[in-house]
Amino acid sequence: MKKRLLTMLLAAIMTVSFAGCSESTNNETDLAEDVSSTAEITTENTESIASKDVDTFNKKEKICDVEYCVPDYANEIKTSYESEYRGWRTNLIELSAREIKNTNISVHNDEYINQNKKVYEWENIKKTYIDNCEALYFEGYDIINEHKGIFTASVQINAPNGIVEFNITTFSIDNTRAQYNEFIKHVTINNKTTTPSAKDAFNEKYGKLPTWKDVKYDPISYIGKNFIITDATCEIDDYYNYDYRGTEEKYFVFSAQPPGAYISDRLYIYADRTKFDWLFQALKEKRLKGSIVVKAEFKDSTKQGMATLVDTE
């Protein structure tokens with residue numbers, strides 16, 4: 001966090017002035033933990049900032065599956081991190097955006113948070129949601145070379161195809177939070193479980209497998225074989241029985257209910273805690289919907305609607 005903020009702002013420190021920015025304070029802040037499309041940061045002094053001191057975000061941009069806006073008059077800038085970040089500068093702020101592709105980790109994962117907090121000295125960390133996607137808000141100072149006023153508010157979002165990060169930086173705590181509150185209003189996410197190409201690839205690979213109905217009416221014939229549950233509603237559970245009794249350290253369990261099925265048709269799926277930790281973390285937060293491939297491993301468990309997770313859409 002320190003090096004990144006310094007790199008982005010060092011060239012502007014001597015030439016850019018921030019008219020109307022209030023002095024930094026040590027007020028505690030809270031992140032509104034809701035599932036709306038905005039994540040508002042509240043502070044006692046934010047309301048005192050005049051509207052002319054907050055940029056208008058109306059020029060549309062897109063990164064990964066996330067649409068957002070930058071000010072019309074913002075100049076796009078380059079940094080030493082230009083391969084990762086796109087950056088913009090106005091006379092009030094610096095804004096940067098980057099994507100972290102091909103990651104299955106949740107930004108709400110405590111281990112992920114603690115590792116980054118240690119490395120980058122994150123502060124005021126808050127878990128939230130943006131367009132029903134998990135998001136993580138955090139703040140930080142740059143104190144290298146006594147540039148103590150440089151202050152950044154950041155958010156990382158679990159977009160469908162990777163983590164997207166935005167950073168808003170000014171020379172004032174209150175102004176940074178106010179700018180962030182305005183910016184985040186314009187962030188929207190194409191919130192689909194998978195891209196069409198990924199869904200097609202999954203269907204091409206597994207589409208000819210037996211379905212849960214096939215297994216339901218003839219469970220013994222499918223022991224040791226894979227089958228598919230399409231568009232299932234999945235929810236974390238704690239049901240361990242028959243062949244999975246005593247396997248809590250190896251597996252977590254979730255229920256999977258196919259669309260239009262009776263509750264009695266709900267299946268209990270056991271997933272490897274190491275391989276599918278990302279799914280475990282996501283299911284702890286909310287129910288998910290998607291297609292899964294499972295294996296009917298054992299005679300008794302197969303008859304009782306229990307199976308082991310093989311793959312997800």
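Glu121 is partly exposed, with a relative accessible area of 41%, where partly exposed denotes a value between the limits for buried (under 20% relative accessible area) and exposed (over 50%), calculated with a 1.4 Å probe and protein chains only. The structure is a predicted model, in which local features need pLDDT of at least 70 and side-chain atom pairs count only at pLDDT 80 or more, whereas totals for chains, interfaces and linings use all residues. Residues are numbered from 1 along each chain as its sequence is written, and side-chain values rest on heavy atoms, with hydrogens and water left out.

The chain contains seven helices and 17 strands, these being DSSP runs numbered from the N terminus (helices: H or I, at least four residues; strands: E, at least two). Of its 313 residues, 47% are buried, and its accessible surface comes to about 16,100 Å², with 46% of that area belonging to carbon and sulfur atoms; the areas were computed by the Shrake-Rupley method with a 1.4 Å probe. Among contacts (heavy atoms within 4.5 Å) between residues at least 6 apart in sequence, 60% join residues at least 24 apart.

Glu121 is placed in the loop between helix H2 and strand E8 (123-130), just after H2, and takes a positive phi of about 60° although it is not a glycine. Most residues other than glycine have a negative phi. Asn124, which is placed in strand E8, likewise is not a glycine and has a positive phi, of about 50°.

Helix H2 itself spans residues 110-120, and its buried residues are Tyr112, Ile113 and Asn116. Seen down the helix axis, these buried residues fall within an arc of 95°, so they line one face of H2, the arc being that of the directions from the helix axis to the C-beta atoms. Glu111 and Lys118, on the other side of H2, are exposed. At the start of the helix, a side-chain oxygen of Asn109 reaches to within 2.9 Å of the backbone nitrogen of Glu111.

Among the strands, five close into a barrel in the order E13-E14-E15-E17-E16, with mixed pairing, where two strands are taken to pair if DSSP finds at least two bridges between them. The twist averages 55° from one strand to the next; axes are lines fitted to C-alpha atoms, for helices over the stretch in contact, and angles run from 0 to 180 degrees between N-to-C directions. Helix H6 (residues 277-285) lies across strand E13 (225-237), strand E14 (251-257), strand E15 (267-272), E16 and E17, and runs at about 60° to E14.

Another antiparallel pair is formed by strand E3 (residues 57-63) and strand E4 (residues 66-71), which are linked over six bridges. Ile63 stands opposite Val66 in E4, and in the hairpin of these strands, which has two residues between them, Cys64 takes a positive phi near 55°.

In strand E7 (residues 94-101) lies Arg98, which counts as buried at 14% relative accessibility. The side chain of Arg98 is joined to that of Tyr85 by a polar contact of 3.2 Å, a polar contact being a pair of N or O atoms within 3.5 Å of which, within protein, one must be able to donate a hydrogen and the other to accept it, and for which residues adjacent in sequence count only if both atoms are side-chain atoms.
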